[in-house]
Amino acid sequence: MQLKKIKGRMAVATCALLQATSPMASAAGSEWDVDTSFLYYGEADGRVQAFEPAIHAGRALGDDDRIELRLVADALTGATPNGAYAIDGVAQTFTTPSGNSSYTIAPGEQPLDDTFHDTRIALGADYTQSLDRMSRIIWGANLSTEYDYLALGVSANYARDFNNRNTTLNIGLGFNNDSVDPEGGVPTEFAPMKVADTGKNVSGDSETKTITDLMIGVTQVVNRKTIVQLNLTLGSVSGYQNDPYKIVTVTADPATGLPVNGTDPSFFDSGVTGNLPYVYEKRPDSRQKNILFFKAMHHLEEDVVDFSYRYYSDDWGINSHTLGLKYRYQLADSYLQPQVRYYSQSAADFYRHNLVLGSDIDVSGNVLVDYASHDYRLAESETITLGLKYGMPMANDSEFSVRAGLITQSVNDGAVPAGQETPDLDAMMLQVNYSFVW
Amino acid sequence: MIRITTLVLLMMLAGCAGMGVEPWERDLLAKDSMQLTPDYFENFYDEHIYFSKEASSGGQGVGGGGCGCN
């Protein structure tokens, strides 16, 4: 009884304190919270490198509303796998996406297209509209534009607090409309890559897809030290989902995996027909995803543990598990945060090492399977990331931090001829961040 | 999976009534380090990198821009 009385008085006192500080809080709310950041991402062996400066700023509007703005630039260079595989003792010649020039890959080397370069600008805005004391809607809009790709998106997230603000229900709906305008035109699905300057097989100039996501989630304060989150997302993608720059090798003999060559069949006699022994990939035009995401933050009085797990499943046959663990180790005036991430996925049903003449493709070049791709990102794979972050809070609510990470991705190709395996991908990232109040 | 998750979400909502803290016990929860996304761009860059290298993405929320990442 006594305890209840004290509890009641404490509640009244807390409310009074909050009310007394509210003018200060709204004064502070007229300032911008700014995050500036720079990312360098680099893959080994001359593959992709990205330089990505970004700025994000948010401020309160009135008592309860808030606006957030984001600008990200992205410069990409380097080489990216074209979908064919390395072959011992055989050099392979490919045509660039423009259709106007060619490049040759040495025997035993992974075929990479080094004509790839891109600059991307992405803008985002979120507006938090307070509905009442316990609920709000966050309206979002995004635009991302690059040389051959345009993404436009809108979203709405409804959040409502319950249970003395210890429980929050989140319902989100997102809609994106993307269009791709590939270099050299949209390649005809399953049509052969042609010798340079003999006319690329194209089906048009551009394609589109729509992405719809519905998310239902709950965040829950467990106790003074622990908060957890559970989200279920249902996603649906409809429209063009091929990678227009990826090809699949055609072979007559799966035991050797050698590309069909010469005059048998005459369809792939490149000297006469201009057809190289590679066809452009084809993926389904629909994809349904289910994602379960769990996160827990736990404070150890000094240090903080950040744990997350994601289960992903889609109707392309891809299932994945993602585990993340970060441990924020508090030093005197700064902190160190080791990070580890483990990711594992199964292959898409239509992931193929090659198409076999006779069973998958006939002598006239008609492909007999519904879909095929040799994009390594659709293969069975594992990614391990090890990272370390150092953060240094400074005066006036500002903070400087730097983070480095090493990423290793390994693909399990299954049973393929020796030397044709997808090599591991090693990458490093370096992020520098400065946050301040303006 | 959807049914199980919906059930878990409902159970969480119902079971959550017994959990939580009083307003004056939010000292640790209020810290920046205890926010579900403590570092805006760390999360943003990670999502972007893995989106372009892996077949799975999403889960933390809806919205955000796409890209034709190679």
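Me: What share of the 70 residues in chain B is buried?

Reply: A residue is buried if 20 or more other C-beta atoms, placed from the backbone, lie within 10 Å of its own. In chain B, 44% of the 70 residues are buried. Please note that this is a predicted model, in which local features need pLDDT of at least 70, side-chain atom pairs count only at pLDDT 80 or more, and totals for chains, interfaces and linings use all residues. Residues are numbered from 1 along each chain as its sequence is written, while chains are lettered from A and ligands numbered from 1 in the order in which they are written.

Me: How many helices and strands does chain B have?

Reply: Helices (H or I, at least four residues) and strands (E, at least two) are DSSP runs, numbered from the N terminus. Chain B has two helices and zero strands.

Me: Which strands form the open sheet, and in what order?

Reply: Two strands pair if DSSP finds at least two bridges between them. The order in chain A is S13-S18-S17-S23, with mixed pairing. Strand S13 (192-194) and strand S23 (355-356) of chain A each have a single partner strand, so one side of each lacks a neighbour in the sheet. S13(A) pairs with strand S18 (residues 275-280) of chain A in the antiparallel sense over two bridges, and A:Pro192 has A:Val279 as its bridge partner in S18(A).

Me: Which residues have the most contacts inside the largest nonpolar core?

Reply: A nonpolar core is a set of buried Ala, Val, Leu, Ile, Met, Phe, Trp, Tyr and Cys residues joined through C-beta atoms within 7 Å. The largest has 20 residues, and those with the most contacts inside it are A:Met193, A:Ile247, A:Val248, A:Val250, A:Tyr278, A:Val279 and A:Leu355. S18(A) gives the most to this core, with four residues.

Me: What joins S9(A) to S10(A)?

Reply: A hairpin joins them through two residues. S9(A) and strand S10 (residues 149-162) of chain A pair in the antiparallel sense over 12 bridges, and A:Ser135 stands opposite A:Arg160 in S10(A).

Definitions and conventions
A residue is buried if 20 or more other C-beta atoms lie within 10 Å of its own, exposed if 12 or fewer, and partly exposed in between; C-beta atoms are placed from the backbone.
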